[in-house]
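Let's take a walk through this model together. Keep the viewer open as you read, and turn the view as each part comes up.

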Amino acid sequence: MTKFSEKAEAIQEKIVAHRRHLHQNPEIGMDLPLTVAYVQDTLKALGYEPELCGGGIVATCGTGETGKTFLVRADMDALPIREESGESFGSVNGNMHACGHDLHTSMLLGCAELLKMHENQIKGTVKLMFQPAEELAIGAKSMLEAGVLKNPDVDAAMMIHVFSGLPSDKDGQFVVLSDGPASANIDVFRINVKGVGGHGARPHETVDPINVCAHIHSALQVLNAREVEASETFILTIGELKCGDTFNVIPDSGYMRGTIRSYGKEVRSFLRKRLVEISESVAKTYRAEAEVIFEFEAPSVINDLKLRNDFMKYIDEIMTDNVEDAKEAYGGKFARLTGSEDFGFLSDDVPTLMVGLLAGTVADGYHYPLHHPKVKFNEKVLWKGAAAYAYVAMTWLNEN
Ligand SMILES: [Zn+2]
Ligand SMILES: [Zn+2]
């Protein structure tokens, strides 16, 4: 093990303390006053001058010599889930860090401490980005609009996401997702259906939105079955359908909400277009009206090939046998995520990299996946995440 890893391991307890504090006080969306204050205070105590940016926090470290800047990002928001993990430091406020963003934030705080120890050896600038509202896919965008990639201008950016409950025995392993799209484009939509309500005994006097929703739902399945070629992967899910309140009344209106997850740009715009066409025309067939609203969206994180290779090389320098290529490991099953990540908004502007970190595997008794009220994470991996953020940023700046 190299000296760098030892330094990271030496601050493991501090990183765990950050993590437990954040875990116990989860906040959601754009409004994270306690979390933001905690991160700012911790950074200030380390000698940083953190700045607020689009609801998140930015801080920089380094000599700025080469003029290059490498950005490392953590998200800070939790989910509106009541925690059932049984952890002694579990949340008591009705929200839960069930996606591991508390681990990300604490690893980036650990990274901040490691960077400070080496500040005069950093040739360029490392920019730390702590973002809100990843789960709503609006936090990264908000920080982008507030100029997170400017002043100093960012040349490359990286993020790590922890995973738990995976069928592996390699806790602490970095899994480098595929080059190209590493996560899915997500489009969250709502289809409002307007009919004419009335008595359940006189349906001919009504336009029944329940019937219309059912027909739209089954018509949309044609996209998978007939309209997109088989080699193209995408998922269309309707997760919510609401019409009516009781058995003998035909309601006026109803709605469905769902997601489209895809990888290519072309297929994404085709699916969005066809969702609207099918919904509107099926509704019209049954004398109703449908309106499709896209509620929010995020593009795929695009993994840059060179950055990906650099990451694997750098991790090999500080840890033994601790990184694997997701295209080869696990039969390629986790090469790219069907989940989404709003870090993808950065991929349009700079080369980006998204890496997985196994933080709780089935072999070690972690059975629940992300977003589950019982999910737990293996804190032993925290120093590895901090070391990776810091070492990759520093080394990239030295080589580029
Ligand atoms: Zn999540
Ligand atoms: Zn997440």
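Predicted model: local features only at pLDDT ≥ 70, side-chain atom pairs only at ≥ 80, totals over all residues.

The domain assignment of the protein gives domain 1, made of 3-182 + 300-399, and domain 2, which covers 185-298. Across the interface of domain 1 and domain 2, the rule finds 1 salt bridge.

How far apart are the centres of the two domains? Taken over C-alpha atoms, the centres of domain 1 and domain 2 are separated by 36 Å. Where the domains meet, 14 residues of domain 1 are in contact with 11 residues of domain 2.

The size of an interface is often given as the accessible area lost when the parts come together. Here, domain 1 and domain 2 bury about 960 Å² between them, and 54% of it is on carbon and sulfur atoms. On the domain 1 side, the residues that lose the most area to domain 2 are Ser300, Arg336 and Thr338, which together account for 45% of what that side buries.

Now turn to a helix pair. Helix α2 (residues 12-24) packs against helix α11 (residues 382-399) at an angle of about 105°, and their axes are 9 Å apart. Angles of 65 to 115 degrees count as roughly perpendicular, and α2 and α11 are therefore roughly perpendicular to each other. From α2, the contact is made by Gln12, Ile15, Val16 and Arg19, and from α11 by Leu382, Trp383 and Ala386. These residues divide into 5 nonpolar, 1 polar and 1 charged.

Finally, two details of the backbone deserve a look. Most residues other than glycine have a negative phi, and most peptide bonds are trans. In this model, asparagine 151 and proline 152 are joined by a cis peptide bond, with omega about 0°. Proline 152 sits in the loop between α5 (139-145) and β5 (156-163). Tyrosine 330, in turn, has a positive phi, near 50°, and its place is in the loop between β15 (323-325) and α10 (344-347).

Notes: Residues numbered from 1 in each chain as written. Chains lettered and ligands numbered in written order. Heavy atoms only, no water. Axes fitted to C-alpha atoms, helices over the stretch in contact; angles between N-to-C directions. Helix = DSSP H or I, 4+ residues; strand = E, 2+ residues; numbered from the N terminus. Parallel < 35°, antiparallel > 145°, perpendicular 65-115°, else oblique. Contact = heavy atoms within 4.5 Å. Nonpolar A, V, L, I, M, F, W, Y, C, P; charged D, E, K, R; others polar. Domains from an automatic or database assignment. Buried area = accessible area lost by both parts, 1.4 Å probe. Salt bridge = Lys/Arg side-chain N within 4 Å of Asp/Glu carboxyl O.
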